[in-house]
Amino acid sequence: MIPFVDLKTQYLSIKDEIDTAVLKLLASTQFVLGNEVKAFEQEFASYCNSDYGIAVNTGTSALHLALLAAGIGAGDEVITVPFTFVATTAAICYTGATPVFVDIDPVSYTIDVTQIEKAITKRTKAILPVHLYGQPADMEPILDIARRHGLVVIEDAAQAHGAEYKGQRVGSIGDIGCFSFYPGKNLGAYGEGGMAVTNNPEYARTMGMLRDWGQERRYHHVLKGYNYRMDGIQGAILRVKLRYIEAWTEARRSHAAYYDQLLADSGVSIPKVMPYSRHVYHVYAVRSPQRDALQQGLQEMEIQTGIHYPIPVHLQPAYSELGYKAGNFPHAEAAAKEVLSLPMYAELTTEAQTQVAKAVISLT
C-alpha cells in the first residue's frame with residue numbers, strides 16, 4: 001500500500017531528537033506554555049519573517065484570536081472563499097461576524113481577486129484569503145483593496161508553512177497570519193497546535209492575553225478570554241521539526257516536479273504554479289471529471305488519496321443560514337467535484353511516485 005501521508009517514517013527519521021526533546025520537557029514539568037513554547041514562538045515567527053508569534057492549541061484558534069484582535073465582531077462582515085476547510089468559516093462565525101464568500105480563481109484555487117471589491121459593503125471589516133494547498137493567494141491586489149477600503153487582511157496559512165509570495169513568506173504579508181500544526185501539515189505537531197504571527201505589537205499583546213483567559217498577568221483578567229494555550233510538549237516537538245522544514249519543503253517541491261513530469265500527458269490536470277508563488281505542496285491535487293471513479297480505482301490498487309474538499313462551505317448544511325445556493329460559486333463547486341490529492345510527503349520515494357502515476361494513467 002502507498003499511504004497518502006506517512007507520519008511514522010518521518011518520526012523514525014528524527015526519533016532520537018524528538019525523544020530527547022520530549023523527555024527534557026517532561027522533566028521540566030512545563031506542560032502548558034513554558035520555555036519550549038516561548039522559544040518556538042520566537043523561532044517560528046523568525047522563520048516567517050515576523051516579529052511576534054502567539055502559540056495556541058489549534059489553527060482554528062489562531063484564526064479566531066486574529067479576528068478578535070483586529071476588532072471583528074457581531075454585525076461585521078469578513079470576505080473569504082467557500083473552497084477551504086470549514087475552520088476558515090467557523091472562526092469568522094465564532095466572533096459573531098458574517099462570512100461573505102467570493103469565488104476562487106479556477107487555476108490557483110485561491111481567492112479570485114477580481115471579485116473582492118464588489119463584495120465589500122459598509123459592514124466589511126476584513127479580507128481573509130486562504131493559501132490553499134500550499135500556494136499563496138495573490139496578495140498584492142488584496143492588500144491594495146484593503147488599504148483603499150480600510151480593511152484588515154488576515155492570512156489563513158494553515159496549509160502554507162514556508163510558502164512565498166514574490167519572495168515574501170506568507171503570514172508576514174497581511175496584518176496577521178495564521179498557521180495550523182495539525183499532524184498532517186507540512187510542519188505538524190504530535191497532536192493539535194497552531195500559531196498566529198504578526199508585526200503589530202498590539203495585536204500580539206491582545207492575542208497573547210486572549211489565548212490565556214484574557215490575563216495580563218496571573219489572575220488579572222483584562223479581557224474575556226479563552227483557554228487556547230499550546231501544550232509544552234508540542235512546543236518542544238515543533239522546535240525539533242522546524243529545523244527540518246526547509247529540507248522537507250524542497251523534497252515536496254521535488255516530488256511535485258516529478259509528478260508533473262510523469263503526469264504531463266495523462267488524463268488528469270496537474271497543479272499550476274502561479275508566477276508569484278513558491279508552492280510548498282501541502283497536497284498535490286490533480287483534477288479529473290471522473291474523480292470519484294479515479295479515486296476508487298486507485299484505492300483498489302492500494303493507493304491512498306484524499307479530496308480537499310468535496311463540498312464547498314456554502315453548500316454545507318451547517319452554514320445554510322448564510323443563504324447561498326448551488327451555482328453561486330461555480331469555480332469552487334466545479335473544483336470540489338473534480339480535485340483529487342495524490343500521496344505527498346517528504347519521504348515519498350520515486351518508486352512509489354512512479355507506481356502512482358502509472359496507476360493514474362491506466363485509469364484515465
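Where does the largest cavity lie relative to domain 1 (7-103 + 110-239) and domain 2 (245-362)? The largest cavity lies between them, because both domains give residues to its lining. The domain bounds come from an automatic or database domain assignment.

This is a predicted model, in which local features need pLDDT of at least 70 and side-chain atom pairs count only at pLDDT 80 or more, while totals for chains, interfaces and linings use all residues. Residues are numbered from 1 along each chain as its sequence is written, and side-chain values use heavy atoms, with hydrogens and water left out.

**View 1. The largest cavity.** A cavity is a set of points on a 1 Å grid over the protein atoms alone where a 1.4 Å probe fits but cannot get out, and lining residues have an atom within 4 Å of a point. The volume of the largest cavity is about 90 Å³. A volume is the space filled by probe spheres set on the points, which are joined across faces, edges and corners. Its lining includes V5, D6, W248 and R252. Helices α1 (7-13) and α9 (245-262) each supply at least two lining residues. Helices are DSSP runs of H or I with at least four residues, strands are runs of E with at least two, and both are numbered from the N terminus. By class, this lining has five nonpolar, three polar and four charged residues. Here Ala, Val, Leu, Ile, Met, Phe, Trp, Tyr, Cys and Pro count as nonpolar, Asp, Glu, Lys and Arg as charged, and the others, Gly among them, as polar.

**View 2. The second largest cavity.** About 50 Å³ of space lies here. Among the lining residues are V107, Y109, K272 and H279. Both domain 1 and domain 2 contribute to the lining, so this cavity also lies between them.

**View 3. The largest pocket.** A pocket is an open set of grid points with protein on both sides within 12 Å along at least five of seven lines. The largest one holds about 550 Å³ of space. Its lining has 29 residues, and F85, Y182, K185, H282 and Y309 are the closest to its centre. By class, 14 are nonpolar, eleven polar and four charged. This pocket lies between domain 1 and domain 2, because both give residues to the lining.

**View 4. The second largest pocket.** This pocket has about 320 Å³ of space. Of its 20 lining residues, E41, G53, A204, G208 and R211 are the closest to the centre. Helix α7 gives the largest share of the lining, five residues. The lining divides into seven nonpolar, four polar and nine charged residues.

**View 5. The largest nonpolar core.** A nonpolar core is a set of buried Ala, Val, Leu, Ile, Met, Phe, Trp, Tyr and Cys residues joined through side-chain atoms within 4.5 Å. Buried means under 20% relative accessible area, exposed over 50%, and partly exposed in between (1.4 Å probe, protein chains only). This core has 63 residues, of which F40, F44, F83, I111, I142 and F181 touch the most other members. Helix α6 gives the largest share, five residues. Beyond four places in sequence, the contacts of I111 (heavy atoms within 4.5 Å) include I79, V81, P129 and I142.

**View 6. An exposed loop residue.** D265 sits in the loop between α9 and β12 (277-278). D265 is exposed, with a relative accessible area of 78%. From D265 to P312 is 29 Å, C-alpha to C-alpha, and 47 residues in sequence.
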